[in-house]
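Me: Hi! I'm new to this one, could you walk me through how the helices pack? Here it is.

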Amino acid sequence: MRVLVVEDEQLLAEAVATGLRREAMAVDVVYDGEAALQRIAINDYDVVVLDRDLPLVHGDDVCRKVVEQGLATRVIMLTASGDISDRVEGLEIGADDYLPKPFAFSELVARVRALGRRATVPLPPVLERAGISLDPGRREVLRDGKTVQLAPKEFAVLEVLMRAGGAVVSAEQLLEKAWDEHTDPFTNVVRVTVMTLRRKLGDPAVIITVPGSGYRI
């Protein structure tokens, strides 16, 4: 899942981003509405975690732009105000969800995951293919009933491949969905991660390399 965090309180923004990355999400961070619009124009995000009171361009206007463009991106709006009228206004602007500050991080994660599912083709909560069972909510992977311990990026890559339902996923697509914008596009990190993932999943190998195209399960 690719997430954009837009929050002008930098310490909060970095804390949220760090926590979401630990949940195997690819996260970009910006601190004002203008930068948010620039990122949204360039990258395909599943979810935008959007503070409402932003400098340069207000969060409401960022949300309106997402809606106007007809993007599949889902928006969860954050605000220091817990007033019901503010929540209603935010939802009427086009936000998909609304969370007042302060919030429990576990609730934010659950809401982001729920919105991420709505941004893509509906799939079962637990993904199963080729003897692999992947539960995004519990961060749990089983191979033939046995637990497989994966690092966050390995989990993210496996989830993207599982969600593809047998279709080929290019290295560029994996880089887009599992890493953030600071990753060197010419890096071999995708190949190395796939190699490690294959080893951890064991034999027989389930991740197939399609020469010149990418990978599939």
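Reply: Happy to! One term to start with: a crossing is left-handed if the near helix is turned anticlockwise from the far one by less than a right angle, and right-handed if clockwise. Also, this is a predicted model, where local features need pLDDT of at least 70, side-chain atom pairs count only at pLDDT 80 or more, and totals for chains, interfaces and linings use all residues. Residues are numbered from 1 along each chain as its sequence is written, and side-chain values use heavy atoms, with hydrogens and water left out.

Me: Great. Which hand does the crossing of α2 and α3 have?

Reply: The crossing of α2 and α3 is right-handed. Helices here are DSSP runs (H or I, at least four residues) and strands are too (E, at least two), numbered from the N terminus.

Me: And at what angle do α2 and α3 cross?

Reply: Roughly 20 degrees, with the axes of α2 (residues 33-42) and α3 (residues 59-68) coming within 9 Å. That makes α2 roughly parallel to α3. Axes are lines fitted to C-alpha atoms, for helices over the stretch in contact, and angles run from 0 to 180 degrees between N-to-C directions. Under 35 degrees counts as roughly parallel, over 145 as roughly antiparallel, 65 to 115 as roughly perpendicular and the rest as oblique.

Me: Which residues make the contact of α2 and α3?

Reply: G33, A36, L37 and I40 of α2, together with V62, K65 and V66 of α3. Contact means heavy atoms within 4.5 Å.

Me: OK, what about α1 and α5, what's their angle?

Reply: Helix α1 (residues 10-22) and helix α5 (residues 105-118) cross at roughly 60 degrees, and their axes come within 11 Å. They are therefore oblique to each other. The crossing of α1 past α5 is right-handed. On the α1 side you'll find V16, G19 and L20, which meet F105, L108 and V109 in α5.

Me: Next pair: how far apart are the axes of α6 and α8?

Reply: Those axes are 10 Å apart, and the packing angle is about 85 degrees. α6 and α8 are therefore roughly perpendicular to each other. K153, E154, V157 and L158 of α6 are in the contact, along with T193, V194, T196, L197, K200 and L201 of α8.

Me: Is T193 buried or exposed?

Reply: T193 counts as buried, because its relative accessibility is 10%. Buried means under 20% relative accessible area, exposed over 50%, and partly exposed in between (1.4 Å probe, protein chains only). Not counting residues up to four places away in sequence, T193 touches K153, E154, V157 and W179.

Me: Switching topic: how many residues are in the largest nonpolar core?

Reply: It has 27, and V141, V157, L158, L161, L174, L201 and I207 have the most contacts inside it. The largest share of this core, seven residues, comes from α6. A nonpolar core is a set of buried Ala, Val, Leu, Ile, Met, Phe, Trp, Tyr and Cys residues joined through side-chain atoms within 4.5 Å.

Me: What is V141 in contact with?

Reply: Leaving aside neighbours within four places in sequence, the contacts of V141 include I132, L134, F155, L158 and L201. There is also a second, separate core of 20 residues, which includes A17, V29, L78 and L108.

Me: Last one: where is A110?

Reply: A110 is in helix α5. At 47% relative accessibility, A110 counts as partly exposed. Between A110 and I217 there are 27 Å in space, C-alpha to C-alpha, and they are 107 residues apart in sequence.
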